Amino acid sequence: MKVIEHLDKATDPLFSYEIVPPPRGRTVQDIIDIVKELVPYNPPWIDVTAHAAGAFYNEKSDGTIERKIYKKRPGTMGICGIIQNRFKIDTVAHILSLGFTKEETEDALIELNYLGVHNVLALRGDGPNYNKKIDTGRSCNHYASDLVEQLADARNGKFINEISGARPLDFGIGVAGYPEKHFEAPNMKSDMFYTKKKIDAGADYITTQMFFDNKVFFDYVKLCREEGINVPIIPGLKIIKNVKQLQTLPRHFYIDFPDELVDEITENPDHVVEIGIKHAMKQAEGLLEFGVPGVHFYIMNDTESVLEVVKKFR
Ligand code: FAD
């Protein structure tokens, strides 16, 4: 079932989750164990993140530098297939425009369709740290809106090269939204303009970047509605688990922490886990009161704190 169908049919608030494929060299059992922990909480869907290949450098014994290009976390489609077919839980496969050609994207959509996966989150990605060579005869999407256009075409049975009588690849399409603005956008107005472009291209819903102050989400929803963005907006929550995240999360995700949360953690660093859970419970409560269709948890493969929060609402 598609995400928007889940949202339409829901009688209780929905709690969905986002997991990350294991690093190359680990086993898929890591993910299976996480999904088993989530199963008792009836996840309506689970997102699986995608990762473009990057360049990695290694200094050899003779002092020369070796450059290797590979995906650190492959396996998005395989993991979606396992969750979808073994656990019968709907999955949302993240797909990226940067680092992939349109032809690779089309192949991925065909594969996901064969696996019974009916949802994708269309993202630009942050760009690989090397220039992928694009062979003649291949083409690329740049922004997420370009990717949504390709997806919307596939949904109408339109492939890159015309195929007569082609069956449509029918996917629910989600896109990312940034209550605290995407870091590259010069201002919120510009970010909103391009977010609307993704919706106009055919996206069905928005999942937001993590935020720690509900007010930024409420303001964001208001702004989206004023700009004519009327699709469901699903808030993304992350639960802080250690003191270091006070620096790393703003650095990686361009988000801000509310003063009270920073003060409380700084004054009681040994209690950061409990403080994080308490804060997330309060955020989830406020969001549900506001009338969000569901809450999406970035579990980053650590279920403990998330399930503590979810239990409260069961
Ligand atoms: P876009 O919507 O393309 O926007 C990127 C920037 O370009 C914005 O500043 C926008 O305002 C601007 N822009 C858009 N279109 C245009 C245009 N036509 N002309 C000029 N400017 C334009 N990353 C991963 O690598 N893997 C994941 O699995 C992943 N999952 C994510 C899930 C969620 C819910 C979120 C919020 C983010 C996720 N990301 C993931 C991170 C995401 O890839 C980065 O934030 C990336 O920098 C932007 O992606 P986007 O899809 O929002 O890009």
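Contact here means heavy atoms within 4.5 Å. This is a predicted model, in which local features need pLDDT of at least 70, side-chain atom pairs count only at pLDDT 80 or more, and totals for chains, interfaces and linings use all residues. Residues are numbered from 1 along each chain as its sequence is written, and side-chain values use heavy atoms, with hydrogens and water left out.

Start with Ser 97. By the contact cut-off, Ser 97 touches Leu 123, Arg 124, Asn 141, His 142, Tyr 143, Ala 144 and Leu 147, leaving aside residues up to four places away in sequence. Ser 97 sits in the loop between β5 and α4. Helices (H or I, at least four residues) and strands (E, at least two) are DSSP runs, numbered from the N terminus. Ser 97 is buried at 1% relative accessibility. Buried means under 20% relative accessible area, exposed over 50%, and partly exposed in between, with a 1.4 Å probe and protein chains only. The Ser 97 side chain reaches the backbone oxygen of Arg 124 at 3.5 Å.

The side chains of Arg 124 and Glu 184 make a polar contact of 2.8 Å. A polar contact is a pair of N or O atoms within 3.5 Å; within protein, one must be able to donate a hydrogen and the other to accept it, and residues adjacent in sequence count only if both atoms are side-chain atoms. Glu 184 belongs to the loop between β7 (172-177) and α6 (188-200). With a relative accessible area of 43%, Glu 184 is partly exposed.

Now the barrel. Eight strands close it in the order β1-β2-β5-β6-β7-β8-β9-β10, with parallel pairing. From one strand to the next, the twist averages 30 degrees. Axes are lines fitted to C-alpha atoms, for helices over the stretch in contact, and angles run from 0 to 180 degrees between N-to-C directions. Two strands pair if DSSP finds at least two bridges between them. Strands β1 (residues 14-19) and β10 (residues 294-298) pair in the parallel sense over five bridges. Leu 14 stands opposite Gly 294 in β10. Helix α11 (residues 303-312) lies across β1 and β10, and runs at about 175 degrees to β1.

What does the side chain of His 296 join in a polar contact with Ser 16? The partner is the Ser 16 side chain, at 2.8 Å. A polar contact of 2.8 Å also links the His 296 side chain to that of Glu 18. His 296 lies in strand β10 and is buried, with a relative accessible area of 1%. Its contacts, not counting residues up to four places away in sequence, include Trp 45, Asp 47, Thr 207, Ile 234 and Pro 235.Another antiparallel pair comes next in this tour: strands β3 (residues 54-59) and β4 (residues 65-70) pair in the antiparallel sense over six bridges. The bridge partner of Ala 55 is Ile 69 in β4. Five residues lie between the strands of this hairpin, where Gly 63 takes a positive phi near 90 degrees.

Helix α3 (residues 76-86) has buried residues Thr 76, Ile 79, Cys 80, Gly 81, Ile 83 and Gln 84. An α-helix has 3.6 residues a turn, so residues three or four places apart point the same way. The cover over the buried residues of α3 includes β1, α2 (29-38), β2 (45-48), β5 (90-96) and α4 (102-115). Cys 80 has a relative accessible area of 0%. Cys 224 is buried too, at 0% relative accessibility. The structure holds zero disulfides. A disulfide is a pair of cysteine sulfur atoms within 2.5 Å.

Lys 88 lies in the loop between α3 and β5 and is exposed at 66% relative accessibility. Asn 42 is not a glycine, yet has a positive phi of about 45 degrees. Asn 42 is found in the loop between α2 and β2. With a relative accessible area of 60%, Asn 42 is exposed.

Last, the ligand. Which residues are closest to it? They are Ala 50, His 94, Asp 126, Tyr 178 and Lys 198, among 25 residues that surround the ligand. A residue is near a molecule or strand if one of its heavy atoms lies within 4 Å of it. A polar side-chain atom of Asp 126 lies 2.3 Å from a ligand oxygen atom. For Asp 191, an N or O atom in the side chain is 2.8 Å from an oxygen atom of the ligand. Tyr 194 has a polar side-chain atom 3.4 Å from a nitrogen atom of the ligand.
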